Amino acid sequence: MLEELRARIESNRLEFTKHALDQSILRNITVQEVREAFLECEIIEDYPEDKYGPSCLVFGKTKSDRPLHIQCTHPSREIVKIITLYQPDPQQWMDYKVRRK
């Protein structure tokens, strides 16, 4: 699944929901940073029963080492939809990958 996600992102087959677009503006996250984060990323949570269709939470870092979480649809769709994105809070995440209890 991860390779399919990367391939779609690399071939520019992605779109942002209105929420993701708003969040990217508020959080100053560029499309280039999203692409960079997908280059060396991992799926840290999977939501197969998400209300709008299967999705997952991806963790990756930009070339400037900025950690990002990106929730996106599974690659079963032709175009990967970015649902939301943010820089994870280290107080809520261990190594940006595991939620703190």
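Glu 45 and Arg 99 meet through their side chains in a salt bridge, with 2.7 Å from N to O. Keep in mind that this is a predicted model. Glu 45 sits in strand β2 and Arg 99 in strand β7, so this pair ties together parts of the chain that are 54 residues apart in sequence.

How accessible are the two partners? Glu 45 has a relative accessibility of 17% and counts as buried. Arg 99, at 43%, counts as partly exposed. The cut-off for buried is under 20% relative accessible area, and exposed means over 50%, so Arg 99 at 43% falls in between.

Next, a second pair that also involves strand β2. The side chains of Lys 97 and Glu 42 form a salt bridge, at 3.1 Å from N to O. Glu 42 is in strand β2, which covers residues 41-47, while Lys 97 is in the loop between β6 (93-94) and β7 (98-99). These are distant parts of the chain, 55 residues apart. Lys 97 has a relative accessibility of 32% and counts as partly exposed. For Glu 42 the value is 32%, which again counts as partly exposed.

Now the third pair. Which residue forms a salt bridge with Arg 66? The partner is Glu 33, and the closest N and O atoms are 3.1 Å apart. Arg 66 lies in the loop between β3 (55-61) and β4 (67-73), and Glu 33 lies in helix α3, residues 31-39, so the contact ties together parts 33 residues apart in sequence. Are these two buried or exposed? Arg 66 is buried, with a relative accessible area of 17%. Glu 33 is buried as well, at 14%.

How many salt bridges does the structure hold in total? The count is eight, and the pairs I have described are among them.

Last topic, the pockets. The largest pocket has a volume of about 180 Å³.

To recap the salt bridges: Glu 45 pairs with Arg 99, Lys 97 with Glu 42, and Arg 66 with Glu 33.

Notes: Residues numbered from 1 in each chain as written. Predicted model: local features only at pLDDT ≥ 70, side-chain atom pairs only at ≥ 80, totals over all residues. Heavy atoms only, no water. 1 Å grid on protein atoms, 1.4 Å probe; cavity = no way out; pocket = protein on both sides within 12 Å on 5 of 7 lines; lining within 4 Å. Points joined across faces, edges and corners; volume = space filled by probe spheres on them. Salt bridge = Lys/Arg side-chain N within 4 Å of Asp/Glu carboxyl O. Helix = DSSP H or I, 4+ residues; strand = E, 2+ residues; numbered from the N terminus. Buried < 20%, exposed > 50% of the residue type's maximum accessible area, 1.4 Å probe, protein only.
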